[in-house]
Amino acid sequence: MASSRVVLVTAASGNIGEHLVPLLASDPTIKLILPTSRASTLQAQLEQHQQCHPGSNIFIEKGSIKDPNWFQGLLASHNVDTVFLNLTGDDELFTSLNCIDSLSRSSTVKQVIYLSACMDFDSNEGIQHCIANCSAAHVLVKPLVEQKLVHGKLPFDWTILRPSMFFTNDFRSKQSMLETGVFDVPFGEVGHSRVAPWNIALAVQNLVAAAASGSKKWSQKKISIGSGKAFKGSEIVRIWSEALGREITVLPANEEGFQKVEESFGKMRGPAWGRDLRLMYEFFAVHGIGMTEEQYRQQVELLGREPDDYVEWVKSSARQWV
């Protein structure tokens, strides 16, 4: 019999959170704690979902998880036993390690689900490859946090989810594709696994349910989430071209293309993030991102079905745009 759970979800209004919160909120045995610095924005977003009624089993807590004392107090005041830790930002390393320290000091937290990246952070060769070839800070923080979970002698069970590149990242290129016929991301020709954010949400929901039933099946496991196929840049624009009924070209994975990415993201998020995302795309253009057949089978077992199909998602999105 499943026990009731108190689940804290970070980044509740983000790409994963917007799908995860309604899934968890539909279970009356779950009490949801949603920390946010933008409480009114999150509440307005939740009110769009029938399953979400703040004040029933959903508690929006205004504050910043970057403050370890506030975060630790939040865990204690709600007797939180399960945490989905999805973190990003300029200070991701500080926030991640402070959050893990707060979780370790909690007397109630029993399960932590950490969102990492779909890469080999297990073998010495994999970590060395990442450090040698990737300089993007928001990527390099992930193996360090993973190592802290693995070797930290922490008083809770953990599961690491390693998603590949989100389907919905393509929305950033919507205007460019419709107006100029250019998919303005320099993917290159090595190949990238793609993942639906709602599949990540489903994985989290199933991990919470498994732990609630007393199962340890997924404890201390690292699970990649995404498509078995790695899509090349030329394949991605072919798929979009067919779906939109017009020729789409891809931004070349060269100095000119990477510079455009840096400038574009720099205008949106500042020069440091512009450079960081350029470094990520430079790395992925050369080395790609994907998973093994065994990793794919493992995620199917966790999801309870095949992951969503990227090609079908593109077709569906294109129909809405046109």
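Visitor: Where does helix 2 lie, and how does helix 2 run against strand 3?

Guide: In this predicted model, helix 2 (residues 39-46) lies across strand 2 and strand 3, and the helix runs at about 160° to strand 3.

Visitor: Which strands does helix 12 touch?

Guide: Helix 12 (residues 293-303) packs on the sheet and touches strand 6 (157-163) and strand 10. Its direction makes about 95° with that of strand 10.

Visitor: What makes strand 2 and strand 3 a pair?

Guide: Two strands pair when at least two bridges are found between them. Strand 2 (residues 30-36) and strand 3 have 5 bridges, so they count as a pair, and its sense is parallel. One place to look is Ile-33, whose bridge partner in strand 3 is Phe-59.

Visitor: In what order do the strands of the sheet stand?

Guide: The open sheet has 7 strands in the order 3-2-1-4-5-6-10, with parallel pairing.

Visitor: Why is one side of strand 3 and of strand 10 left without a neighbour in the sheet?

Guide: Strand 3 (58-62) and strand 10 (221-225) are at the edges and have a single partner strand each, so one side of each lacks a neighbour there. On average, neighbouring strands of this sheet are turned by 20° against each other, direction ignored.

Visitor: How do the axes of helix 10 and helix 11 meet?

Guide: The axes of helix 10 (residues 255-269) and helix 11 (residues 271-287) come within 7 Å and cross at roughly 145°. The crossing is right-handed.

Visitor: How do you know that helix 10 and helix 11 are in contact?

Guide: Contact requires heavy atoms within 4.5 Å. Residues that meet this rule in helix 10 include Phe-258, Phe-265 and Arg-269, and those in helix 11 include Trp-273, Tyr-281 and Glu-282. By class, the contact has 8 nonpolar, 3 polar and 6 charged residues.

Visitor: What makes a space a cavity, and how many of 30 Å³ or more are there?

Guide: A cavity is a place where a 1.4 Å probe fits but cannot get out. The count is 1 cavity of 30 Å³ or more, and the largest cavity holds about 30 Å³ of space. Its lining is formed by Asn-169, Asp-170, Phe-183, Val-185, Phe-187, Arg-194 and Tyr-281, which divide into 4 nonpolar, 1 polar and 2 charged residues.

Visitor: What volume does the largest pocket have, and which residues lie nearest its centre?

Guide: A pocket, by contrast, is an open set of points. The largest pocket has a volume of about 1400 Å³. Of its 43 lining residues, Asn-86, Leu-87, Thr-88, Gly-89 and Arg-269 lie nearest the centre. Elements giving two or more residues to this lining include strand 2, helix 4 (92-105) and helix 10. Helix 11 supplies the largest share, 5 residues.

Visitor: Which classes make up the lining of the largest pocket?

Guide: There are 21 nonpolar, 16 polar and 6 charged residues in that lining.

Visitor: How much space lies in the second largest pocket?

Guide: About 220 Å³. It is lined by 14 residues, and Cys-118, Met-119, Asp-120, Gly-288 and Gly-290 are the closest to its centre. Helix 5 (124-133) and helix 11 are the elements that give two or more residues to this lining, and helix 5 gives the most, with 3 residues.

Technical notes:
Residues are numbered from 1 along each chain as its sequence is written. This is a predicted model: local features need pLDDT of at least 70, side-chain atom pairs count only at pLDDT 80 or more; totals for chains, interfaces and linings use all residues. Side-chain values use heavy atoms; hydrogens and water are left out. Axes are lines fitted to C-alpha atoms, for helices over the stretch in contact, and angles run from 0 to 180 degrees between N-to-C directions. Helices (H or I, at least four residues) and strands (E, at least two) are DSSP runs, numbered from the N terminus. A crossing is left-handed if the near helix is turned anticlockwise from the far one by less than a right angle, and right-handed if clockwise. Ala, Val, Leu, Ile, Met, Phe, Trp, Tyr, Cys and Pro count as nonpolar, Asp, Glu, Lys and Arg as charged, and the others, Gly among them, as polar. On a 1 Å grid over the protein atoms alone, a cavity is a set of points where a 1.4 Å probe fits but cannot get out, and a pocket is an open set with protein on both sides within 12 Å along at least five of seven lines; lining residues have an atom within 4 Å of a point. Grid points are joined across faces, edges and corners, and a volume is the space filled by probe spheres set on the points.
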